[in-house]
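Keep the sequence and the 3D view open while reading.

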Amino acid sequence: MELCSFLTLDSFIKDPLTHDFMRKALLMSSLVAAVCGFLSSYLTLKGWALMGDAVSHSVMPGVVVAYALGLPFSLGAFIFGVGSVALIGFIKQKSRVKEDTVIGLVFTGFFALGIVLVSKIKSNIDLHSILFGSPLGISLSDVKQTIFISLLVVILLSIFRKDLMLYCFDPRHAKTVGINVFFLHYLLLTCLSLAAVVGLQSVGIILVVAMLITPGATAYLLTDKFDNMTVISVLSAIISSLIGIYVSFWFDLETGGSIVLAQTFIFLFAFLFAPRYGIFKLKKLFNDYK
Amino acid sequence: METINYQNFRIEAENICVDYNGKVALYDANLRLKPGQICGLVGMNGAGKTTFFNALTGFVNISKGKIRINGESVRSAQKDQTIAYVPQNEGIDSQFPISVWDVVMMGRYGSMNIFRSPRESDVQAVKDAIERVDLTDHLSTPIGNLSGGQRKRTFLARAIAQRASILLLDEPFSGVDIRTEKLISELFIQFKNEGKTILLSTHDMIHVREFCDLVLLINKTVVAYGETSEVFTPENITTTFGGISPDSLFGPES
């Protein structure tokens with residue numbers, strides 16, 4: 001893939017679209033980004049970044065076992081994702097070890113189990129694609145699964161959008177007015193596990209947590225309205241995915257890493273120049289200039 | 001307007017105990033409040049004030065004892081929107097991207113459909129509540145841009161919009177400006193006349209004398225409970241605060 005000096009923006013965008021695998025990758029990654037971006041606003045506001053990291057790493061053995069048994073990998077991932085959270089809660093309650101330590105040791109334990117299983121179970125599992133994602137090599141059955149899970153998560157989040165916002169903001173009030181907080185807690189965890197599963201196809205297990213927290217953090221710097229935050233989060237996630245895939249196509253870079261780097265750059269931009277919360281406060285600079 | 005029977009108890013807590021993983025936070029606590037009564041909840045940090053609130057709202061489970069709200073279980077009180085909880089300012093994430101209007105609307109969630117889409121009556125209730133706390137100019141202000149007093153009033157408005165008959169207020173006067181303090185005390189008188197029952201925790205002894213018909217002194221359990229004039233004595237307060245003289249807490253008596 002040679003980068004010609006007369007490459008125009010037009011062909012920069014259009015050329016990759018002539019490849020079937022690129023069209024599929026762009027579409028699927030956008031979908032995955034939208035789902036993770038949607039969830040991201042809740043996770044960043046709830047302070048669940050570490051939890052997101054834990055769940056996304058813990059799904060590893062689930063994916064491996066499911067592949068080995070010929071089951072949908074989302075099922076295995078889901079069981080281990082929720083299982084890890086239950087285990088974290090249990091150990092925290094029954095021991096004097098602090099929560100962040102418990103989270104760290106549980107997810108690394110699960111992750112290690114996954115790696116050991118991959119080396120033991122003889123199958124065609126590609127460790128590299130699990131760890132680093134393979135948006136350019138998504139199979140048809142994976143496409144179906146991804147679409148199904150994505151729709152499920154989007155529908156769940158849409159229905160319980162306001163309840164989840166209340167749960168993140170003031171769970172005590174939610175409980176006081178008879179809203180089922182226990183259900184909302186596990187709903188959010190379920191969505192987290194499912195989003196981790198679809199996210200790992202794009203960027204892999206190691207980086208999927210970025211899909212779950214960076215868009216939300218970026219949006220949080222740009223607005224004071226929850227609905228806007230969700231929209232900005234989703235948009236920034238989708239744009240990052242598109243940029244990441246294009247850049248990796250033209251410059252022959254690792255796709256997952258490129259997507260996450262694009263997200264990080266967008267975050268840094270918001271961090272520096274966000275109108276109200278950025279370091280340089282663009283709005284203020286503009287007003288001073290006037 | 002529903003008729004209020006002033007003889008029935010709104011809150012009945014009998015010998016309630018709460019423990020967190022074996023660590024006792026509150027034991028053998030009793031409380032009975034009728035409509036139109038304002039009760040002060042006084043105790044040190046860690047004496048179990050917030051735990052008491054949490055038990056009444058059902059946010060934590062009691063390990064022993066019985067709680068009746070309007071003669072029914074806590075669960076049905078939740079369903080009926082009977083209790084409103086007004087958190088202390090430190091208890092909320094003030095950087096949460098949410099406006100005054102949206103916070104107050106959360107007072108209506110419990111009586112809305114599953115999508116929490118506001119009906120005309122919900123919108124009206126929210127408008128009225130915001131007007132009563134004098135925040136009409138700040139409808140769409142994010143709570144992060146409010147002063148401590150304005151934020152406190154926002155959560156009071158949420159309780160008003162909920163139309164709860166029992167209000168639990170955690171440190172309603174801490175960190176608020178004089179204007180808010182005055183507005184809250186006026187609201188208390190209105191609530192009392194409307195027959196609402198109020199339980200408020202406070203560090204400020206002067207407020208107890210000013211507003212509270214009854215006072216509940218706690219230190220993991222009830223130290224003293226009764227009419228403020230009878231129970232709120234220097235001796236009882238000293239016991240509640242573990243031997244510290246009340247003078248050092250709220251100045252010499254005037």
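Not counting residues up to four places away in sequence, A:Asp170 touches B:Pro87, B:Phe155 and B:Arg158; contact means heavy atoms within 4.5 Å. This is a predicted model, where local features need pLDDT of at least 70, side-chain atom pairs count only at pLDDT 80 or more, and totals for chains, interfaces and linings use all residues. Residues are numbered from 1 along each chain as its sequence is written, chains are lettered from A and ligands numbered from 1 in the order in which they are written, and side-chain values use heavy atoms, with hydrogens and water left out.

- A:Asp170 sits in the loop between α8 (161–169) and α9 (171–176) of chain A. Helices (H or I, at least four residues) and strands (E, at least two) are DSSP runs, numbered from the N terminus.
- A:Asp170 counts as buried because its relative accessible area is 7%. The classes are buried under 20%, exposed over 50% and partly exposed in between (1.4 Å probe, protein chains only).
- B:Arg158 makes a salt bridge with A:Asp170, and the closest N and O atoms are 2.8 Å apart. The rule asks for a side-chain nitrogen of Lys or Arg within 4 Å of a carboxyl oxygen of Asp or Glu.
- The side chains of A:Asp170 and B:Arg158 are also joined by a polar contact of 2.8 Å. A polar contact is a pair of N or O atoms within 3.5 Å; within protein, one must be able to donate a hydrogen and the other to accept it, and residues adjacent in sequence count only if both atoms are side-chain atoms.

**Chain B against chain A**

- Contacts link 33 residues of chain B with 27 residues of chain A.
- The two chains bury about 2700 Å² between them, and carbon and sulfur atoms give 61% of that. Buried area is the accessible area (1.4 Å probe) that two parts lose on being put together, summed over both.
- In chain B, the most area is lost to chain A by B:Phe59, B:Phe96 and B:Pro97, together 24% of what that side buries.
- The rule finds two salt bridges across this interface. Eleven residue pairs are in polar contact (both at pLDDT 80 or more).
- On the chain B side, α1 (49–57), β5 (83–86) and α5 (148–162) each supply at least two residues that touch chain A.
- That side has 17 nonpolar, 13 polar and three charged residues. Here Ala, Val, Leu, Ile, Met, Phe, Trp, Tyr, Cys and Pro count as nonpolar, Asp, Glu, Lys and Arg as charged, and the others, Gly among them, as polar.

**Domains of chain B**

- Chain B is divided into domain 1 (10–82 + 165–178 + 197–247) and domain 2 (94–163). The bounds come from an automatic or database domain assignment.
- The domain centres, taken over C-alpha atoms, are 26 Å apart.
- Eleven residues of domain 1 contact eleven residues of domain 2.
- The two domains bury about 690 Å² between them, 50% of it on carbon and sulfur atoms.
- In domain 1, B:Gln81, B:Leu167 and B:Asp177 lose the most area to domain 2, together 57% of what that side buries.
- Zero salt bridges are found across the domain interface. Three residue pairs are in polar contact there (both at pLDDT 80 or more).

**Two more sites**

- A:Ser150 lies in helix α7 (residues 140–159) of chain A. A:Ser150 is buried, at a relative accessible area of 1%.
- Leaving aside neighbours within four places in sequence, A:Ser150 is in contact with A:Leu31, A:Val35 and A:Val198.
- B:Gly46 is in the loop between β3 (38–42) and α1 of chain B. B:Gly46 is exposed, with a relative accessible area of 58%.
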